[in-house]
Structures are given as structure tokens and as C-alpha cells.
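Here is a brief tour for a reader meeting this structure for the opening time. Look at the sequence and the model, then read on.

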Amino acid sequence: MALTSSSSSSAITALLKPHLQLSNEPIISFSPSFFTLSSKPLLSSSKPNVKINFFSSQTAVSLKWRTEASIFSGLFTKSKDIKTLKDELFDAIAPLDRGAEAAPEDQQRVDQIALELEALNEIKEPLKSNLLNGKWELLYTTSQSLLQTKRPKLLRPNGKIYQAINVDTLRAQNMETWPFFNQATANLVPINARRIAVKFDYFRITGLIPIKSPGSGRGQLEITYLDEELRISRGNRENLFILKMVDPSYRVPL
């Protein structure tokens with residue numbers, strides 16, 4: 001039974017405490033948090049023309065660097081086609097245990113290949129593309145809230161991790177497998193044709209116990225590369241996510 005009343009707040013806190021990492025910008029510490037979470041309010045879909053600065057000056061500098069690096073890297077990818085770059089990317093991340101075993105030089109190599117693919121991205125408005133729909137498997141990330149490398153390996157997600165998105169219903173779902181089977185569902189609010197704001201509504205501990213989101217589960221995700229088998233996304237904390245399509249027919253629960 002979902003916990004929704006105000007009298008259940010202490011019970012929600014007790015249940016979520018082992019799974020929440022508290023900070024100035026709270027993030028969910030178990031794997032369903034594909035989205036970098038922020039305590040800032042979401043962009044209201046009823047006021048699409050309102051301009052809100054979602055980024056600090058430090059993030060703006062980082063984004064500027066990434067844009068310039070993407071353009072610069074594009075000069076060197078003319079002799080490489082997308083298939084070659086994708087093969088290089090898959091080979092680079094294969095031994096890295098979703099990023100948990102990645103050394104700094106591994107992260108730099110993966111990020112560089114991702115930048116080269118982003119420079120060749122043909123889907124300029126991914127939120128309008130049916131290629132986004134379905135269930136995706138997480139192959140690699142730099143997000144510590146997902147990798148949990150400071151925990152003993154037995155206490156980390158060891159099975160596959162999935163994220164599903166349906167653009168027609170603006171719903172998303174994150175799913176762990178072995179050993180925890182945690183899940184999270186969220187509503188999506190488009191900010192532009194590449195970036196979405198995310199508001200989690202329910203978490204499921206061990207896939208069975210539904211818990212209503214306490215309200216701090218919010219974040220953003222930018223889709224920087226998309227084709228029929230590969231998706232590259234970046235969160236608003238500059239975390240990198242690389243996923244492959246496994247089931248284009250999957251539907252997220254409403």
C-alpha cells in the first residue's frame with residue numbers, strides 16, 4: 001500500500017533513509033536515479049515561455065567547454081563513420097563494469113568517443129523521435145549515485161539496470177535487477193527538444209513496496225545522441241550515461 005498521507009511522513013523517511021543521500025542538492029543513492037536530482041523547482045508546463053536559469057556559472061563554463069570540445073572533436077571524425085565510433089565506444093566500455101572499474105584515463109577516452117558521436121548526431125530533436133521509446137539497458141555511467149563504488153560490491157546493484165522512456169505519455173521508469181530490484185517511475189516535462197525535467201512520483205523498494213516520492217526527487221536529462229540502438233545522455237551534474245536499446249515496445253506504467 002502506498003504511503004501518501006501526512007501522518008505517514010515518518011514512515012516514509014524511515015523507509016527511504018537507507019536509500020537517500022542528503023546534500024544541498026539531494027540525490028537518490030540507489031540505482032533508479034538515472035537523473036541528476038536538484039532541489040530547484042521544475043519548469044512548469046503551463047508556462048512554456050518562462051525563462052529559468054537551471055545552471056550555475058560553473059556548469060555554464062563546463063557546458064561551453066563541452067560544446068567547444070564537441071565542435072573541435074568533429075573536425076577529427078570526418079574520416080570515421082558512426083558505426084566505427086560506436087564499435088570503439090562499445091569496446092572501450094566493455095571491461096569497465098558499467099563505469100565502476102573505470103580509471104580517469106578510461107573516463108576520458110569514453111567521454112572523447114561520446115563527444116565525437118555527439119558531433120555526428122543526426123537526430124536533432126530526440127524528444128520528437130519514436131527512436132526514444134522503449135526500454136534501454138545502462139552500459140556505462142560516471143554517476144556515483146548509480147555506481148556506489150564506495151560500497152562493498154555485494155551491496156551494489158550487480159544485475160542489469162534499465163531505463164524506459166515513453167515520449168507520447170511523458171513517462172519514465174528506472175529498474176534495477178539483482179539483488180535489489182528497486183524501481184522508480186517519473187513524469188517528464190520537456191524543456192526543449194533535447195532536454196527534459198524529471199519529477200519522480202513513486203519508488204518501489206525490492207520491486208514490491210510502493211513509496212510515494214517525498215518531493216525531492218527531481219532532475220534533468222539531456223539526450224545528446226540517439227539512434228535505433230544507442231543513446232547517450234548527460235545529466236545536469238555533467239554525468240554521462242550510455243545505454244543500448246533492448247525492447248522498443250516496452251510501455252512505462254501510467
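A salt bridge is a side-chain nitrogen of Lys or Arg within 4 Å of a carboxyl oxygen of Asp or Glu. Keep that cut-off in mind for what follows. The model is predicted.

## Salt bridges

How many salt bridges does a search of the whole structure find? The search finds 12. Among them is the pair of Arg 171 and Asp 201, whose closest N and O atoms are 2.6 Å apart. Arg 171 lies in strand S6 and Asp 201 in strand S8, so the pair ties together parts that are 30 residues apart in sequence. Are these two residues buried or exposed? Both Arg 171 and Asp 201 are buried.

Another pair is Glu 118 with Arg 234, with 2.9 Å between the closest N and O atoms. This pair links distant parts of the chain. Glu 118 sits in helix H4, and Arg 234 sits in strand S11, which covers residues 230–235. The two are 116 residues apart. Glu 118 has a relative accessible area of 10%, so Glu 118 is buried. Arg 234 is buried too, at 3% relative accessibility.

Glu 125 and Lys 128 also form a salt bridge, at 3.5 Å from N to O. Glu 125 is partly exposed, with a relative accessible area of 39%. Lys 128 is exposed, at 64%.

| Salt bridge | N to O distance |
|---|---|
| Arg 171 and Asp 201 | 2.6 Å |
| Glu 118 and Arg 234 | 2.9 Å |
| Glu 125 and Lys 128 | 3.5 Å |

Salt bridges also join into a network. Its members are Lys 86, Asp 227 and Glu 229.

## Strand S8 and its partners

Strand S8 holds Asp 201. The strand covers residues 195–205. Why is S8 described as largely enclosed by the rest of the structure? The reason is that 8 of its 11 residues are buried.

Which strands pair with S8? Strand S7 is one partner, antiparallel to S8 over 8 bridges. Within this pairing, Ala 186 has Phe 200 of S8 as its bridge partner. S7 and S8 form a hairpin, with 4 residues between them.

Strand S10, residues 218–226, is another partner. S8 and S10 run antiparallel and are joined by 5 bridges.

Arg 204 stands opposite Pro 210 of S9. S8 and S9 form a hairpin with 3 residues between the strands. In that hairpin, Thr 206 takes a positive phi near 55°.

## Strand S6

Strand S6 holds Arg 171 and also Asn 174. Asn 174 has a relative accessibility of 1%, so Asn 174 counts as buried. Its side chain makes a polar contact of 3.2 Å with the side chain of Gln 163.

## Helix H4

Helix H4 runs through residues 104–119, 16 residues in total. From its first C-alpha to its last, H4 reaches 22 Å. That is close to the 22 Å expected at 1.5 Å a residue. Which residues of H4 are buried? They are Val 110, Asp 111, Ile 113, Ala 114, Leu 115, Glu 116, Leu 117 and Glu 118. Glu 118 is the residue that bridges to Arg 234.

## Backbone details in the loops

Some loop residues have backbone angles worth a look. Asp 97 has a positive phi of about 50°, although Asp 97 is not a glycine. Where does Asp 97 lie? Asp 97 is in the loop between helix H3 (82–93) and H4. Its relative accessible area is 32%, so Asp 97 is partly exposed.

Leu 170 is not a glycine either, and has a positive phi of about 55°. Leu 170 is found in the loop between strand S5 (161–166) and S6. At 32% relative accessibility, Leu 170 counts as partly exposed.

A cis peptide bond joins Trp 178 and Pro 179, with omega about 0°. Pro 179 lies in the loop between strand S6 (171–176) and strand S7 (183–190).

Definitions and conventions. Residues numbered from 1 in each chain as written. Predicted model: local features only at pLDDT ≥ 70, side-chain atom pairs only at ≥ 80, totals over all residues. Heavy atoms only, no water. Expected span 1.5 Å × (residues − 1). Buried < 20%, exposed > 50% of the residue type's maximum accessible area, 1.4 Å probe, protein only. Pairing = 2+ DSSP bridges. Polar contact = N/O pair within 3.5 Å; in protein donor to acceptor, adjacent residues only side chain to side chain.
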